[in-house]
Amino acid sequence: SYDAARRAVRDEASSGSRLYIGHAEPGAMEDVLGFGMREEMENLAWTFQRITPDDLDRLAEKMLSARKVWIIGQRISHSFATYLRWQLVKVVPDAAVIPKDGESMGEHLAAMTADDLVLVVALRRRMSGLEALLREIGTIGAARAVISDDSMEPDPRLDWHFRCRISTATPQFNHAAVLALCHQIVVRTTLKSGADGRTRLRRVDELNERLGEYD
C-alpha cells in the first residue's frame, strides 16, 4: 500500500540508496500517477513549510549584490546547479557553475573573495569532502548557501540551508521539491532585480534576435 511503501522508505532513508524498494516492481502499484502525485505533494509541503519568504528574499538580494555567484554541484546536483545558473545569468551579471570537467575545486577557491556568494547543491548521494569545502569557503568569508536533501541535518553555520525532502517509494529519488525551490529562487531574484533586471532581460533577447538564435 501507499502508506506501507512510505514507511519503508523513511525507515531506510539514512542509507541513501534507492535499491532497497522491493515492492516497486512494475505492476506493484495500481494507481502509479496518483501515487506519485501524493508523494510529490507531501515532499513539497514538507520542504516549503521549513522555508520563509524572508529566507528567499535575502538570498535573492545577495545574489544580485555579490561580486560573483559560484554554484557548485556534482553528480545529480550538477543538473540543478546548471538549471540555476541558466536562469539566473539573465539577471545576475556574473554566475558560474563549478567544477567543470578536469578542474579542481582549489582552482576556484583561490579565485573567491569575501564579496562572493557560493551556493552548493548537495543532494545525495553527496560527493565526499563537502564539510571541508564549506569550511574553506567560510574561511574565505564568502556567503554560503546550501540546497540539500532532508538527510543532511540543519547547519546553523551556513547563511542559508534549504533542506528538500526527496522521499520516494520508487527506485528513483523524487526531486520535485528541489526543482520547485530552484524555481522560487530564480523568480524572486528576477523580481528583486527590478528595472535593471528587466533592462538586462530585454538586452539579452534583443541580442539573441539579431544573432538569429531563435527560430
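Modeller: In this predicted model, helix α6 (residues 130-140) lies across β1, β3 and β4 and runs at about 160° to β4.

Colleague: In what order do the strands of the open sheet stand, and with which pairing?

Modeller: In general, strands of a sheet pair through backbone hydrogen bonds, either parallel or antiparallel. Here five strands form an open sheet in the order β2-β1-β3-β4-β5, and the pairing is parallel. Because β2 (95-98) and β5 are at the edges and have a single partner strand each, one side of each is left without a neighbour in the sheet. From one strand to the next, the twist averages 15°. Helix α3 (residues 53-65) also packs on the sheet, where it touches β1, β3 (117-122), β4 and β5; the direction of α3 makes about 125° with that of β5.

Colleague: How many bridges join β4 to β5, and how many join β1 to β2?

Modeller: Five bridges link strand β4 (residues 143-149) with β5, and Ile147 has Phe162 as its bridge partner in β5. Four bridges link strand β1 (residues 69-73) with β2, where Val97 stands opposite Ile71.

Colleague: Which residues of α4 are buried, and on which side of the helix are they?

Modeller: As a general idea, an α-helix has 3.6 residues a turn, so residues three or four places apart point the same way. In α4 (residues 76-88), the buried residues are Ser77, Phe80, Ala81, Leu84 and Leu88. These residues cover an arc of only 105° around the axis, which puts them on the same side of α4. Their cover includes α3, β1, β2, β3, β4 and α7 (176-192).

Colleague: Which residues have the most contacts inside the largest nonpolar core?

Modeller: That core has 33 residues, and those with the most contacts inside it are Leu59, Met63, Leu84, Leu117, Leu119 and Ile147. The greatest contribution comes from α7, with six residues. Among the residues that Leu84 touches are Ile71, Leu119, Ile147, Cys182 and Val186. Another core, of 17 residues, lies apart from the largest one and includes Ile98, Met105, Met112 and Val118.

Notes. Residues are numbered from 1 along each chain as its sequence is written. This is a predicted model: local features need pLDDT of at least 70, side-chain atom pairs count only at pLDDT 80 or more; totals for chains, interfaces and linings use all residues. Side-chain values use heavy atoms; hydrogens and water are left out. Two strands pair if DSSP finds at least two bridges between them. Helices (H or I, at least four residues) and strands (E, at least two) are DSSP runs, numbered from the N terminus. Axes are lines fitted to C-alpha atoms, for helices over the stretch in contact, and angles run from 0 to 180 degrees between N-to-C directions. Contact means heavy atoms within 4.5 Å. The expected span of a helix is 1.5 Å times one less than its number of residues. Buried means under 20% relative accessible area, exposed over 50%, partly exposed in between (1.4 Å probe, protein chains only). The arc is that of the directions from the helix axis to the C-beta atoms. A nonpolar core is a set of buried Ala, Val, Leu, Ile, Met, Phe, Trp, Tyr and Cys residues joined through side-chain atoms within 4.5 Å.
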